[in-house]
Each structure stands twice: as structure tokens, then as C-alpha cells.
Amino acid sequence: MKKILNKPENYVDETLAGLCLAHNDIYRQPQPRLITRANSSDKAKVGIVTGGGSGHLPVFTGYVGEGLLDAAAVGDVFASPSADLMADAIRAADNGQGVLLLYGNYGGDIMNFDMASETVDFEDNIRCITVLATDDIASATP
């Protein structure tokens, strides 16, 4: 009998769905690859968004919650989330005070977050500021 393995994209979707089912007091899943806080903040504050691929785990979702991130855009295994998904994450996190984008120094993330930031600025008048993280010696400045 041949065993059929799940595709990597199913792994990501199943992990995110399970996380939201297990912790629906913390996470909400308005789209399959968009995770937000279960309860949005009523106070006017800067929204905080991150995102990235799911190479090791959809680890970015673990930072969503009260006192932490407002939303995370989750890509495929070792692939950046799309600019459209990132724009949706920014919109979900916006409370009228702008959105802080925190993400890693990877080509796809930089390109797609930059495009998403320009899109929401143009279409929704949401101002974004970026903090680009370097997580290892290879991507850090000297």
C-alpha cells in the first residue's frame, strides 16, 4: 500500500487552522494565511504586523496576541507571503495610527512588504514604517 504524504501547503494550512481552533481566545483567521488577534484593540494605537514563509514553522503566528503583534501574513514553505496578503494584514492591524512592519532581511519579504505598504498608502491612506530585522551574521550589516 502506497502512503501519500500531504503537500507542504497543506501542512501550513492545517497548522494554522489547528492553532486557531486550539487557541481561539488568542487567534482569529480571517483568511487561510492571515492570522490576527482574536480581539482587536479598541484603543488608538500603532498596529504591528509581521510575516514570512513557513520553512521551519509558521512561527510568525506565535507572536500575535495582546501586547504583541496585531497580524501575521504567512507564506508557503520557504516562500514569502504575497503582497496582497501582506496588504490585508496591514489593513487588519490598522487602528488609525499607522502600522509598524517588522520582518526579516529576505528578498521576497522586502519586495512584497514594500509593495503592500505602497498599496495601503495609496488605496487606504495607511502610513507604514518598516523595521528590517537581521537574524544572522550573513544578513546583518558589518
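Predicted model: local features only at pLDDT ≥ 70, side-chain atom pairs only at ≥ 80, totals over all residues.
**Entry: A38**

I placed A38 in the loop between β2 (34–37) and β3 (47–52). Buried or exposed, or something in between? A38 has 21% relative accessibility, and buried would require under 20%, so A38 counts as partly exposed. I also checked A38 against A71, which is 33 residues away along the chain. The C-alpha atoms of A38 and A71 are separated by 10.0 Å.

**Entry: the sheet**

I then traced the strands. In what order do the six strands of the open sheet run? I read the order as β1-β2-β4-β3-β5-β6, with mixed pairing. The edge strands are β1 (27–31) and β6, each of which pairs on one side only. On average, and with direction ignored, neighbouring strands of this sheet are turned by 25° against each other.

I looked at one pairing by itself. β3 and β5 pair in the parallel sense, over three bridges. For G47, I found the bridge partner in β5 to be V99.

I noted α3 as lying across β3, β5 and β6. Relative to β5, α3 runs at about 165°.

**Entry: helix α3**

I checked the length of α3, which covers residues 107–124. At 1.5 Å a residue, its 18 residues should span 26 Å. I found its end C-alpha atoms 25 Å apart, which agrees.

Which residues of α3 are buried? My list is D109, N112, F113, A116, S117 and V120. Seen down the axis of α3, these buried residues fall within an arc of 140°, so they line one face of the helix. On the other side of α3, I found G107, E118 and F122 exposed. I also recorded what the buried residues of α3 pack against: β3, α2 (83–93), β5 (99–104) and β6 (128–133).

Just after α3 I came to N125, which takes a positive phi of about 55°.

**Entry: N112**

I took N112 from the buried list of α3 for a separate check. N112 has 10% relative accessibility, so it counts as buried. What is N112 in contact with, leaving aside its neighbours within four places in sequence? I found S80, P81, S82, A83 and M86.

**Entry: aromatic rings**

How many aromatic pairs does the structure hold? I found one. The rings of Y103 and F113 have their centres 4.3 Å apart and their planes at 10°, so the pair is stacked. Y103 lies in strand β5 and F113 in helix α3, so the pair ties together parts that are ten residues apart in sequence. I checked burial for the two residues, and both Y103 and F113 are buried.

Conventions
Residues numbered from 1 in each chain as written. Heavy atoms only, no water. Helix = DSSP H or I, 4+ residues; strand = E, 2+ residues; numbered from the N terminus. Buried < 20%, exposed > 50% of the residue type's maximum accessible area, 1.4 Å probe, protein only. Expected span 1.5 Å × (residues − 1). Arc of directions from axis to C-beta. Contact = heavy atoms within 4.5 Å. Phe/Tyr/Trp six-rings, centres within 6.5 Å; stacked < 30°, edge-to-face > 60°. Pairing = 2+ DSSP bridges. Axes fitted to C-alpha atoms, helices over the stretch in contact; angles between N-to-C directions.
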